[in-house]
Amino acid sequence: MPIYNKLVRDNIPNILEAEGKGYTGHTAENKEEFFTKLKEKLQEEVGEFLETPCAEELADIQEVLDALAYSVGSDAAEVATIKEEKAVNRGRFYTGYILEKVED
């Protein structure tokens, strides 16, 4: 039996049961464990995106980011508002401009 010890999507236990597969797991015991597992999941998903850049992997990253926002007392709407404010004031990352140095 493979050992994963990682955060999975909420419906995975139901899917495993429907497939008749045995498993063990638990819900995060506290906010610290949940936050730690979310950060690990973000690293996993970013790694998968770096190996295979595609919309599906970006969707997985976004799902983890939404959960991270929730875990710090925010939500996707608040994050989107902050994102737009930063875009208005500082721009986006679409042009590919690379800053090499700034003189004093």
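Figure 1. The model is predicted: local features need pLDDT of at least 70 and side-chain atom pairs count only at pLDDT 80 or more, while totals for chains, interfaces and linings use all residues. Residues are numbered from 1 along each chain as its sequence is written, and side-chain values use heavy atoms, with hydrogens and water left out. Helices are DSSP runs (H or I, at least four residues) and strands likewise (E, at least two), numbered from the N terminus. Helix α2 comprises 21 residues, 31–51. Its end C-alpha atoms are 30 Å apart, which agrees with the 30 Å that it should span at 1.5 Å a residue; the expected span is 1.5 Å times one less than the number of residues. Lys37, Leu38, Lys41 and Glu45 of α2 are buried. Buried denotes under 20% relative accessible area, exposed over 50%, and partly exposed the range in between (1.4 Å probe, protein chains only). Among the elements that cover the buried residues of α2 is α3. Glu32, Gln43, Leu50 and Glu51 are exposed on the other side of α2.

**Figure 2. The N-terminal cap of α2.** The N-terminal end of α2 is capped by Asn30. A side-chain oxygen of Asn30 lies 3.1 Å from the backbone nitrogen of Glu32. Glu32 itself is exposed.

**Figure 3. Helix α3 between its packing partners.** With 17 residues, α3 reaches 24 Å from its first C-alpha to its last, close to the 24 Å expected at 1.5 Å a residue. The buried residues of α3 are Glu57, Asp60, Ile61, Val64, Leu68 and Ala69. These buried residues pack against α2 and α4. Just after α3, Gly73 takes a positive phi of about 85 degrees.

Figure 4. Gln62 counts as partly exposed because its relative accessibility is 41%. Ala67, at 22% relative accessibility, likewise counts as partly exposed. The C-alpha atom of Ala67 is 9.7 Å from that of Phe34, although the two residues are 33 residues apart in sequence. For Gln62 and Leu99, 37 residues apart along the chain, the C-alpha separation is 27 Å.

**Figure 5. Ser74 in the loop between α3 and α4.** Ser74 is placed in the loop that runs between α3 (55–71) and α4 (76–90). The relative accessible area of Ser74 is 16%, so Ser74 is buried. When residues up to four places away in sequence are not counted, Ser74 touches Ala69 and Val79. Of these, Ala69 belongs to the buried residues of α3. The side chains of Ser74 and Glu78 are joined by a polar contact of 2.6 Å. A polar contact is a pair of N or O atoms within 3.5 Å; within protein, one must be able to donate a hydrogen and the other to accept it, and residues adjacent in sequence count only if both atoms are side-chain atoms.

**Figure 6. The start and end of helix α4.** Helix α4 has 15 residues and extends 20 Å from first to last C-alpha, close to the 21 Å expected at 1.5 Å a residue. At its start, a side-chain oxygen of Asp75 comes to within 3.1 Å of the backbone nitrogen of Ala77. Ala77 lies in α4 and counts as partly exposed, because its relative accessibility is 49%. Ala77 and Asp66 are eleven residues apart in sequence, and their C-alpha atoms are 9.5 Å apart in space. After α4 comes Gly91, whose phi is positive, near 90 degrees.

**Figure 7. Asn5 in the segment before α1.** Asn5 lies in the segment that precedes α1. Its phi is positive, about 50 degrees, although Asn5 is not a glycine. Asn5 is exposed, since its relative accessible area is 57%.

Terms used: Contact means heavy atoms within 4.5 Å.
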